[in-house]
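I opened my notebook and looked up a few things in this model. Here is what I wrote down, entry by entry.

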Amino acid sequence: MYEILDRINSPEDVKKLNLDELNLLASDIREALFNRLTKFGGHCGPNFGIVECEIAMHYVFSSPKDKFVFDVSHQSYPHKMLTGRRLGYTDDNYFASDSGYTNPEESEHDLFNVGHTSTSISLATGLAKARDIKNTKENIIALIGDGSLSGGEALEGLNVAGSEIKSNLIIIVNDNQQSISETHGGIYENLRRLRESKGTCENNIFKSFNLDYIYEDNGNDIEALIKVFEKVKDIDHPIVVHINTLKGKGFKLAEENKEAWHWTMPFDRETGKSKFSFDGESYVSIAHDFIINKAKSDKNFVVVTPNMPASFALTPQDRQQLGSQFVDVGIAEEQAVAMASGLSKGGANPLVITNTTFIQRAFDQIHQDVCINNNPLTILLNYSSFSGLTDVTHLGIFGISMLSNIPNLVTLAPTCKTELIEMLNWSTSQKAHPVAILLPGNNVEDRKVDTNFENNKFAMEQKGEKVAIIALGDFYQMGEDLAKAIKKQLGFTPTLINPRFASCVDVDLLKSLEKDHKLIVTLEDGIIDGGFGEKVASKLGTSPMLVKNYGLEKKFYDRYDPLELLNELKMTKEFIVEDIKEILK
């Protein structure tokens, strides 16, 4: 099926090909991308657009002696095929063996586990400095693109590269005029001028960092890229190689709608339609509708996002409708949070939206710029669930322990539709605290809820005896199932509590349980260490009641099956009921 790719087992095989064969290899790689993406999903546009560049990189340079550092690494699929991992794309049985990001455990050609943006230049400066200390001579190549230059760390890396590195460092800027959504920020205006002038315009951001610079307009032309890479190979100082590419090249749908095809679920190649149907209501759609309606009713309401509008289904049409009430700061979480704090101080009503795995990049801004100043704003986070994103670089399971321990930050974990809406209504109306809300990741359920969020009180959903189940957020439904199992198997009705707040403990309610309860069980959708359950256990340290915490271990899980993980951790209702039976003896 693959004319050339089946012969590629290492980069050395790439070097043996002539130009016609290299171009056939590019076609084979795109076919392999189709094979994996249509069946398994993953990052589409970034990989289709970088095929020629990575072929040329492996043709000219000598990995792993020469070191490649991929920014985000969601554009590393062609690189993986060229470094002995083609079966992860050509053979359906091997899909799960490939992580979708660079991974040193997979290959010596991958230097870092990387899934967050704007890091490649900084990592590469460290490699360059280490090489110089050891007095070796390899090339250090950093690849950055997809809007990653807007991240502050990328600019910090450029700053150091242009001043502190006095030896070989090659920075390939993959300029495809696109981020996850459209690009934002003044740096992209300069890239536009550089493209239009073929790299000759007087204002050049890279030269302002004291970096050498070369431009290649034909960034999807293997021959042109080989020539430019041969020019800079073994160079004795840092240089930026600015290449103009087409995101999604070779797949018409991805070329025409770059935002929608940045990442995709499995799809039909001919129609582009997803093979999975998501009809009906979701917590994302509920949050989306709240945002649109809130903007209409509150002219001071402003949505701020670090290039993640799609995470809350905000289409280009939605963003146009929101107008000045929508700000995309580009891939720059620190800017998003600090700007929101400034908006709050200035009298506006800001809502920051992104994914949990990305907000950790703005921990200092939440801590310093927001919470020390106690500026009221709301941070709404998607993919906080352990059953959402499971790649090691994109886990949401650290959100509770990270956010719930920052003073002044009220961290809420809704359990149903009405609770999410009421929490959003409250958080975007109150003026006393900054608030973080963890969007549920399970199926939408609904019930009557307590709408008083001023008193930091837990909600007792069912009064029982002997055992109290305190089930936070996404795990509330697990708590409901556990309560039913206890009644059926152990013959009594346990108490069921929805804590709602991940950042505080309702001590009065806990103390009231001492009279007729022997055990408290906590369930949380995150790691136990520093999490919600430990807060409960700490408050009851001298109480005769026992506390048993259930949650995830403090470790970097990678590509796990959520149901298998619950079994492994003995967190299913069957295991927990057996634990309770033993404790009550």
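Which strands does helix α24 lie across? I found that α24 (residues 573-584) lies across β15, β17 and β18, and runs at about 150 degrees to β17. For my own reference, helices (H or I, at least four residues) and strands (E, at least two) are DSSP runs, numbered from the N terminus. Axes are lines fitted to C-alpha atoms, for helices over the stretch in contact, and angles run from 0 to 180 degrees between N-to-C directions.

**Ground rules.** I am reading a predicted model, where local features need pLDDT of at least 70, side-chain atom pairs count only at pLDDT 80 or more, and totals for chains, interfaces and linings use all residues. Residues are numbered from 1 along each chain as its sequence is written, and side-chain values use heavy atoms, with hydrogens and water left out.

**The sheet.** Next I looked up the strand order. I read an open sheet of 5 strands, β14-β16-β15-β17-β18, with mixed pairing; two strands pair if DSSP finds at least two bridges between them. β14 (459-462) and β18 (546-552) stand at the edges with a single partner strand each, so one side of each has no neighbour in the sheet. From one strand to the next, the twist averages 25 degrees. I then followed β14 to β16 (residues 495-498): 3 bridges join them, and the two run antiparallel. Met460 stands opposite Ile497 in β16. Helix α20 (residues 476-490) also packs on this sheet, touching β14, β15 (466-471), β16 and β17 (517-527). I noted about 160 degrees between the directions of α20 and β15.

**A helix pair.** How do α15 and α17 pack, and at what angle? Helix α15 (residues 333-345) and helix α17 (residues 363-372) pack at about 10 degrees, with axes 9 Å apart. I listed the contact (heavy atoms within 4.5 Å): α15 gives Glu334, Val337, Ala338 and Ser341, while α17 gives Gln365, Ile366, Asp369 and Val370.

**Salt bridges.** I looked up the total and got 34 salt bridges, each a side-chain nitrogen of Lys or Arg within 4 Å of a carboxyl oxygen of Asp or Glu. One joins Asp6 and Arg86 at 3.9 Å, N to O. Those two are 80 residues apart, with Asp6 in the segment before α1 (11-15) and Arg86 in the loop between α5 (77-82) and α6 (87-90). Asp6 is partly exposed at 35% relative accessible area, and Arg86 is buried at 15%. My cut-offs are under 20% for buried, over 50% for exposed and partly exposed in between (1.4 Å probe, protein chains only).

Lys16 and Asp13 form another salt bridge, with closest N and O atoms 3.5 Å apart. Here Lys16 is exposed at 66%, whereas Asp13 is buried at 16%. I also checked Lys294 and Asp298, which meet at 3.9 Å, N to O. Lys294 is buried at 12%, and Asp298 is buried at 16%.

**Last look.** Not counting residues up to four places away in sequence, I saw Asp175 touch Leu191, Arg195, His242, Ile243, Asn244 and Thr245.
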